[in-house]
Amino acid sequence: MTVDVSQFHQVFFEESLEHLANMESALLQLEGGGNDPEVVNVIFRGAHSIKGGGATFGFQAVAEFTHLVETLLERIRSAKTVITPDIIAMLLESVDVLREMIGALQAGTEIDVTRSAALQQRLTNMLAQAGEGLADSPAGAQVVSASESVDDAGWRIQFRPHRHFFRTGNDPYRILRELADLGHLEVKADISALPSFLDMDPEECYLAWNLVLNGKISRAEIDEAFAWVEGDCDLIIEPLATPIQAASTKTTAEVRRADEKPASLMAERRAGQDRRAEGESIRVSIEKIDTIINMVGELVITQSMLSEVGAMVHGLNDTALENLRDGLAQLERNTRELQEGVMRIRMLPISFAFSRFPRLVHDLSSKLGKKVELKLSGEQTELDKTVMEKIGDPLVHLVRNALDHGIEAPEVRRSQGKPEVGQIHLEACHQGGNIVIEVSDDGAGLNRERIAAKARERGLLAEGVEPDEERILDLIFDPGFSTAESVSDVSGRGVGMDVVRRNIRDLGGNVEVSSQPGQGSRFTIRLPLTLAILDGQLVRVGDQVYVAPLVSIVESLQVRAERINAVAGRGEVYRLREEYIPIMDLRRMFGIDTANSTLSGSLLVVVEGEGKKLGLVVDDLLGQQQVVIKSLETNFRPVACISGATILGDGTVALILDAGQLVNAACGNAAYEDSASDKVTAAA
Amino acid sequence: MSTLNAMQNDIGLGVAVNADQYLTFMLAGEEYGVDILRVQEIKGWGKVTPIPGTPEYVRGVMNLRGTIVPILDLRKRFCMDQIDYGPTTVVIVLRVECEGRDRIMGIVVDAVSDVYAVPMEELRPSPDFGGNVHVEFVRGLATVDEKMVIILNIDKLLNADDLEAVSDAE
Amino acid sequence: MATILAVDDSASMRQMVVMTLKGAGYDVVEAVDGAAALQLAKSKSFNLVLTDVNMPKMDGITLTRELRALPAYKFTPILTLTTESAADKKQEGKAAGATGWLVKPFNPEQLISTVKRVLG
């Protein structure tokens, strides 16, 4: 039966990428001045593993390239080559090249050989210069001293296993069987060394064999059968034409091996220095996890339905009722625990997202000529896998910004009495049901004058107006706003802070900035721990119940009719303290009949989306609860201003409001005026 | 097999070779049928959550054991008169194929009728009624016990426009 | 039915070895490193041990030595999986008590024929 090895490819790609990540960390450690041999071992093992898998699964390019890397590392490991910054840079580049190769293989695209070929050449040159030849390349040659000619007659073989032969796990019978497969074998056992039964140690081998093997058989085939046991026996192999020589110790087979060194000194592998996560783990497909999470979501809904029914049950006697209620309460506790446990399955430490930053900071700071130290803390803080995947890009942008615009050049820092080496700090922690990630630096901070000037230039700020602190800092998140003198390729074109904020908002979170001129800036990102569950505020609109995400709600208040102003041709605005915010009557918006068609007596839920505020007019505020987000698109389609649906305790469906889209819908028709600062916000 | 089906669909008889059983229901005095293999279940009418910005015949969505399922009112879809829902009003939950995907959706009908077997050959093409039920919804006409049964093409009930996201609210 | 212990820190290699040998009718148990393998070997007896050499926690050479120290594994065939460029590794393995070796890269057919050699 043939096994199709391509089914193992994906696993090979994934683990190779893991190895490459470990190698990169280790290389950065070495660069920092580490000299730990175990660190070198990690790098070596990574390359070795990728090479082995690459060759096994038929990825020749990967195997060949990695072979060079492995050879270099072996030299370093055996102290034949000294680690220099150049070598580390070359190895880091090799890691990049291999990543690209694996990526190309994964995607099924062509491997770009230009980069790898150049690097391969440099590696080869380097290894050649060191004076030693490369280790055996993947086509190990077997040197056979005896002639390989096929002998028509056959061979005569004296096979004398050493006493301890069995302890190697080899079985003479196995070897004889193999020889018998090659041709016609005559076996004569030599029991002359066999002691008496009482003196015999059953674990020792006292037997020897004289064999005659007839047939057209090459010497190599015979050597193959004895390949494993050369050092454990005396062998004389002769073509049948020549007479047997007197038994001598050195056999022609043994001449082949250059050296039979006993186990060389091996470095003691340090226990516990394992780069992989401690403890056992198994790989599980994401689909299986999602299925379980969905099922638990269903369970939560069913359980809350039962709780509602339980609260309404009549007609049972007291004991039964109490038992029922107790049971339901217990069920709720169990379900909550199960839900929390299941949510944790998809949670991974944020170190996965942080891991790219040491390299990024290292490369970027040298490119910019700045000295920066990156500090990571709270790497074990866990968050949902999907959230983590999506937070990567925003974080990269923030860190790049800090490097590009925040941290000053060494001379500038010195002249300000700051240490030459700037600090960038990535920190994560849990707060309530959220994860908080902070990106802070001790650089120049946000320049308020420049921001204000730019804002005026872009028409985001009216002339002569001095915005307050909050407004200034908020301006940097405005679309189309960039204070970079030139759009450096470091921070990238067209990727602005507005995209960062939008990405974070899409994840159900938000981002804030605080900054001290000359001292630094801090960006604080707050994210919910999971995407599938939402903290919601239930609101009643007519006879319908909607869910507003708590994270979008700024405040809720009773509508005061006198504060409503109609702005000609633009709808209505509400005076909220010093601001005028547009309002949207959800009853009208969603075409719901309601007894109370006026605005008085209703409630205003002020939400924030896309950087703007909007007041939603609703009839009533119902409770707050966690809701499981269900997709409308699975069987229907996306709906404007609605981000999804959920199933309430009574089994009915409630739609979840999308604050951002509602805000856009409200502003799409009109501009609104902020009378406090007297500026005009252009329509989106 | 799939080419055969495609061909048959072009002719308007799209019936897979083996499935010629239909669940029939009443709507405004007429009897209609749907491929029984597409029927997932039959539910009594229950509370439906309306969805803003959708055509009138999309009554809203309903919770079907944890899945959000859109519910279509066939009377509205076929531009017939509205009636109040009564005790026999039911929702037939169907598996439809729309815009390249399988979806679950429910249709509100006056009452469920029966299950008939109609061999493929006996399905006649439908002339354009010129009125209520547009020919695109009709797969063919069958005669059972001297009654006419209108066999529906349920994959067409939710059309492409309905399934596009509406990017701006009104 | 013969039971084989396959030890390799590379998941893709393990998968390949396990599936190939299971397909050939053997029972296979896998371990991610020498330490795990040693634990398994102490609680269950195997007819053959296939082990990679370079692994964290406990490498294949040490594993071989440790296994040979167990009475139940004095004579059990142990094969190391080595790459051809590490010729000395083969001898290192033998010196530690290994039965023989299998050279990487190998394809499924080579694996099966080598195992058949040893187990019959």
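Helices (H or I, at least four residues) and strands (E, at least two) are DSSP runs, numbered from the N terminus, and two strands pair if DSSP finds at least two bridges between them. Welcome to this predicted model, in which local features need pLDDT of at least 70, side-chain atom pairs count only at pLDDT 80 or more, and totals for chains, interfaces and linings use all residues. Residues are numbered from 1 along each chain as its sequence is written, while chains are lettered from A and ligands numbered from 1 in the order in which they are written.

Let us start with a sheet in chain A. Six strands form an open sheet in the order β14-β18-β19-β17-β16-β15 (chain A), and their pairing is mixed. The edges belong to β14 (553-558) and β15 (564-567) of chain A; each has a single partner strand, so one side of each is left without a neighbour in the sheet. On average, neighbouring strands of this sheet are turned by 35° against each other, direction ignored; axes are lines fitted to C-alpha atoms, for helices over the stretch in contact, and angles run from 0 to 180 degrees between N-to-C directions.

Strands of a sheet pair through backbone hydrogen bonds, either parallel or antiparallel. Here β18 (residues 603-609) and β19 (residues 612-618) of chain A pair in the antiparallel sense, over seven bridges. Within β19(A), A:Gly615 is the bridge partner of A:Val606.

Next comes the place where chains A and B meet. Chain A brings 26 residues to the contact and chain B brings 24 residues, where two residues are in contact if their C-beta atoms, placed from the backbone, lie within 7 Å. On the side of chain A that touches chain B, α9 (286-312), β21 (642-647), β22 (653-657) and α19 (659-668) of chain A each supply at least two residues. β22(A) gives the most to that side, with three residues.

Now for some backbone details. Most residues other than glycine have a negative phi, and most peptide bonds are trans.

In chain C, a cis peptide bond joins C:Lys104 and C:Pro105, with omega about 0°. C:Pro105 sits in the loop between β5 (100-104) and α5 (108-119) of chain C.
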